[in-house]
Amino acid sequence: MVKVAILGYGTVGSGVYEIIHDNDFTEQALNPIKITHILDIRDFPEHPEKDIFTKNFDDILNDDEVYCVAETMGGLHPAYEFTKSLLEKGKNVVTSNKELVATYGPELLAIAKDKNVNYLFEASVGGGIPIIKPMCSSLMSNKIDKIVGILNGTTNFILTEMINKNKDFDEALKNAQENGYAERNPSADIEGHDACRKLAILSSIAWGNFVDYRDIVTEGITAISLEDVKYADKLGYVIKLIGFAEKKQKIFARVSPMFVSKKYPLAGVESVFNAIVVKGNYLGTSMFYGRGAGKFPTASAVVADIIESVRHINAKKAYIEWKPSEPGYMLDINESVCKYFVKCTNSREQIDSLFDNAEFADGVVENETGFITTQMTEGDFKEKIKSLNVTGFIRVLEA
């Protein structure tokens, strides 16, 4: 029997307990799994296994029979200190904590390698969507060129409400909160920070060098209006919050709202669902789709990592390793290239004098013109629009 502990008995932690309690994974893990400790600052007197709860982290750290620990606390502290101590003690750790992985991943992975244990975090990106393990194994025969994804269910729900039900941003956000899809303080989601951390993790895995989320240009959806949605529809697009990363000579990564062609698979991803497109040099394009958050989708990914860890209890561990990135490893945003949707109050003649072959959308907003540019660098684009009375712009995704 392999003993497992859980740190944090919130939404995900309780889901991990329920899945393991209700299922026998002996065949999959090659060993029976038993939860013997749950760490939480609260009391659970009505819980059927109330005796396994503890408020003392040392009860888990110093129990030599605890082989694997699921960290589902969230946040940086004390999750970082607990995880580091567990790995240094020679215990395997699995987590759903994207903030922790995106901030301290290189250090924690290095400790895990040194101690010959696993630090696994499939649940940190995409909830129940299997993406990290495929990138580390199934896609190893390819050089990954590009990652494009809808990485946050809250913002996707809000934008879906705006697109399909004509709700403005504030109303759609309120509806997301009422349905439990958005926190009381939704800033991490609607300002793009959650998607940014997930993109940093995927980029680090894809290219083997640590991509610091603080180096990723990040914009949220708070400025998206119903007029933007109407412009997009007229031009054959929908608006999505997109995490975009690619590697050429340098790595470029950005999180921002984008016009997505209705012909592109990501355009049909609605509500709280997430989807991640990975482009390899030989495989071409693959898309991973599913629920990006929620109790049981996320907990399922955590339990899968527990099973993976237990299954290889007597084997040499398979390591993820992120090397430090050299200074200047990221492409400057002004050197990036894409098309842009622009809305302004200028005449077509003024626009044509600056932008060749622009695609126009007429009759959406009175006394305003919307158009899509051809491809150009962001630096050139921002220089050109200085001559216009621009009321907003949104980047355009090209497959």
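Me: In which helix is leucine 226 found, and does leucine 226 count as buried or exposed?

Reply: In this predicted model, leucine 226 is found in helix α11, which covers residues 226-235. Its relative accessibility is 16%, and since buried means under 20% relative accessible area, the residue of helix α11 counts as buried.

Me: Which residues is leucine 226 in contact with, leaving aside its neighbours within four places in sequence, and what separates its C-alpha atom from that of asparagine 166?

Reply: Leaving aside neighbours within four places in sequence, leucine 226 is in contact with Met162, Asn166, Lys167 and Asp168. One of these partners, asparagine 166, is 60 residues apart from leucine 226 along the chain, yet the two C-alpha atoms are separated by 7.0 Å.

Me: Where does serine 256 lie, and what is its relative accessible area?

Reply: Serine 256 lies in strand β10, residues 251-261. Not counting residues up to four places away in sequence, serine 256 touches Glu219, Lys240, Leu241, Ile242 and Arg395. The residue is buried, with a relative accessible area of 0%.

Me: How are α4 and α5 oriented to each other, roughly parallel or roughly antiparallel?

Reply: Helix α4 (residues 79-88) and helix α5 (residues 98-115) pack with their axes 9 Å apart and at an angle of about 10 degrees. Angles under 35 degrees count as roughly parallel, and α4 and α5 are therefore roughly parallel to each other.

Me: Which residues of α4 and α5 make the contact, and how do the residues of this contact divide into nonpolar, polar and charged?

Reply: From α4 the contact takes Ala79, Tyr80, Thr83, Lys84, Leu87 and Glu88, while α5 provides Leu100, Tyr104, Glu107, Leu108, Ile111, Ala112 and Lys115. By class, the residues of the contact of α4 with α5 divide into eight nonpolar, one polar and four charged.

Me: Which residues have the most contacts inside the largest nonpolar core, and which helix gives the largest share of this core?

Reply: The largest nonpolar core has 85 residues, and those with the most contacts inside it are Tyr119, Phe121 and Phe259. Its largest share, nine residues, comes from helix α10.

Me: Which residues does tyrosine 119 touch, not counting residues up to four places away in sequence?

Reply: Tyrosine 119 is one of the residues with the most contacts inside the largest nonpolar core. Not counting residues up to four places away in sequence, tyrosine 119 touches Thr83, Leu87, Val93, Thr95, Leu100, Val101, Leu108, Leu109 and Ala112.

Technical notes:
Residues numbered from 1 in each chain as written. Predicted model: local features only at pLDDT ≥ 70, side-chain atom pairs only at ≥ 80, totals over all residues. Heavy atoms only, no water. Core = buried A, V, L, I, M, F, W, Y, C linked by side-chain atoms within 4.5 Å. Buried < 20%, exposed > 50% of the residue type's maximum accessible area, 1.4 Å probe, protein only. Helix = DSSP H or I, 4+ residues; strand = E, 2+ residues; numbered from the N terminus. Contact = heavy atoms within 4.5 Å. Axes fitted to C-alpha atoms, helices over the stretch in contact; angles between N-to-C directions. Parallel < 35°, antiparallel > 145°, perpendicular 65-115°, else oblique. Nonpolar A, V, L, I, M, F, W, Y, C, P; charged D, E, K, R; others polar.
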